[in-house]
Amino acid sequence: MNQARIKQTLTVKPGLVYEMMYSYRSEDRIDLHADVASVGTGPQYRINYNPPSKDWVRRRLLFLIPQDVHDKGQVVVLLQNRSTAPIWYRDVSLRETNLAESDILAYQPSLQVKSLTADDAMIMPDSDAEFASFVGIGLPDGWEERFTMEARIYTSDGRRYPCDMENGRIRIPIKILPPGESELNVMLYDRDQKEGRLLVAYSRHDIVRISQAEIPDNIDFSRHEVFRHKDGTAFFPVGMYAGLGWNFSVGELHKAGFNTVHTCGTDSWKVREENFKLLSDARKHGMWVMMGLPPRFQADPKFLPDLAKWIDSYKDSPAILFYYTDETHCQKRVPPAVIRRMYEQVKKSDPDRRIYSYERPDAKIKDCMDGVMWGVTSRGTSKLIKVRLGQDKPMIHVFGQGDHHGRTSPSLEAFQYEYIVPVIYGARGVFYWNLRAIQYSNPEGHLIKQRLYRTVNRFSQVAQDLLSEDPNPQWTHSITTSGDAEMLVKTSGRRVLILGGVNRSGKGGEIRIQPPVGATVRDVLNAADVNVKDGCIIRFFRPGQAVLLEVSSS
């Protein structure tokens, strides 16, 4: 079948977990857009996409029919193909199981694919990396004993390659990726089956390789916007993605130096008392909340009235910094026209607040966000954001994805780098993703906490000064760099902040500073005084090293 839909209405019992089984095969084409969907199973529209496969594949879907489902006992099952790539289905069945809702993840993990860094999902012309790396998350401990993961990449020029992987990490040689959009497909199979392996989870991730021709020369790349409150006051968010629920201490994060927090708990389409408590606790500690919008309200215009009611429930809280969406277009494939209607509804319901989006820079959605959250990992990435989204979008740097389900902690030096070099490139906010690496998913979570919190505590003392528009004093004009060293100078009153470092992909470099006579110089993130020898400070950087110096005049 192609560009067709087959549907059937079935009777089910609310409160039970059901198993849908089917087999399919298709042409091995990346433009396949086929799914098995259902209406009346709890969500308004449950969609499960099928990855391309030239061989027959057996697939299992498990889901609970809630007791309070709207269409009591009536389920519509749809076999769909929205593309011209043919797909064939057979042996479709739906049956009751004796599983509890809590058992589902053991048989059907909630697989998601994340890039280790933004540089892996968006490869710039100046990148000299050998591989793009991704990780499968949402997998239970010991998943390798029962499940097999496979991955393949469909490149923008129509080629297909298998991917190497180890411990859930996927590596793709960058040399095989041509300019344009390629797609990574990741499949999880249950091999504990008498009839052979069974596809139980599927996720995909776009990879974009940028050519030099896409980056024009006529944009002022030196100008960087900042977040501003309603009264125009500039603010530098130092944030933490706190995980899936509310099992964290707002007070502890505030004490560590964070001023903003996000939890996927706020993404619930239900109005939750836990969210009101979070907003109350944040206000008590002088913190802000990045309020995630419910994904189900973003993906379908029919939910816009529900989105308006949801916003009305929370918008009077003064602790909401801005609203937030996460990969709505680049990963969840919501069409730009639908995202635009959601954006307009938010603006109508709460016109004084902004919407920030964690999205790969895409010109098709530039008018659907007020700021972008991404890995501002290179000067090229910063330029591309401005080219595709416009110069009016503040950038917030997001990092840490590799720590979640990683095995080791980055060094203290590596954490310091994340709060210095992206700011040189124009980031005016930094978020760590996510607290679960500290709580349980990384064996060295205690070291992550120690090093990250130390860095944040010291960085937060000067973060607001990085937004100052005071002119730099004359003596700063003599600061020089050599090699691959880069720098940013910001002045706030009698303090001058000098950020310097070398990108991880660089080859080393040096910065030379001649501070005024009698000035005191402090290494902010290491809380150490810096000696001025013969009226000069010379700092050499290896790749991935950075420093934040404070020069105070008497």
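Me: Which residues does Leu525 touch, not counting residues up to four places away in sequence?
Reply: This is a predicted model, in which local features need pLDDT of at least 70 and side-chain atom pairs count only at pLDDT 80 or more, while totals for chains, interfaces and linings use all residues. Residues are numbered from 1 along each chain as its sequence is written, and side-chain values use heavy atoms, with hydrogens and water left out. Leu525 is found in the loop between β31 (520–523) and β32 (528–529), where strands are DSSP runs of E of at least two residues and helices are runs of H or I of at least four, numbered from the N terminus. With contact meaning heavy atoms within 4.5 Å, and with that sequence limit applied, Leu525 touches Gln416, Ile420, Arg454, Thr455, Arg458, Phe459 and Leu548.

Me: Is Leu525 buried or exposed?
Reply: A residue is buried under 20% relative accessible area, exposed over 50% and partly exposed in between, with a 1.4 Å probe and protein chains only. The relative accessibility of Leu525 is 2%, and therefore Leu525 counts as buried.

Me: How many bridges join β8 to β10?
Reply: Strand β10 covers residues 131–137 and runs antiparallel to β8. Lys114 stands opposite Val135 in β10. The bridges that join β8 to β10 number four.

Me: Which residues does Ser115 touch, not counting residues up to four places away in sequence?
Reply: Ser115 has its place in strand β8, and because its relative accessible area is 6%, Ser115 is buried. Under the stated sequence limit, Ser115 touches Asp120, Ala121, Ser133, Phe134, His205 and Gln401.

Me: Which elements do the buried residues of α8 pack against?
Reply: Helix α8 (residues 379–389) is mostly covered, with eight of its eleven residues buried, among them Gly380, Thr381, Leu384 and Ile385. The buried residues of α8 pack against α2 (118–121), β9 (122–123), β16 (198–209), β24 (371–374) and β25 (395–399).

Me: Which element gives the largest share of the lining of the second largest pocket?
Reply: A pocket is an open set of points on a 1 Å grid over the protein atoms alone, with protein on both sides within 12 Å along at least five of seven lines, and lining residues have an atom within 4 Å of a point. The second largest pocket has 47 lining residues, of which Thr117, Asp119, Asp120, Thr377 and Arg504 lie nearest its centre. Elements that each supply at least two lining residues include α8, β10 and α9 (412–418). The largest share, four residues, comes from α9.

Me: About how many Å³ of space lie in the largest cavity?
Reply: A cavity is a set of points where a 1.4 Å probe fits but cannot get out, and the count comes to five cavities of 30 Å³ or more. The lining of the largest cavity includes Arg29, His33, Tyr49, Glu183 and Tyr202, and β15 (180–190) and β16 each supply at least two of its residues. With grid points joined across faces, edges and corners, and volume taken as the space filled by probe spheres set on the points, the space in the largest cavity is about 50 Å³.

How values were computed: Pairing = 2+ DSSP bridges.
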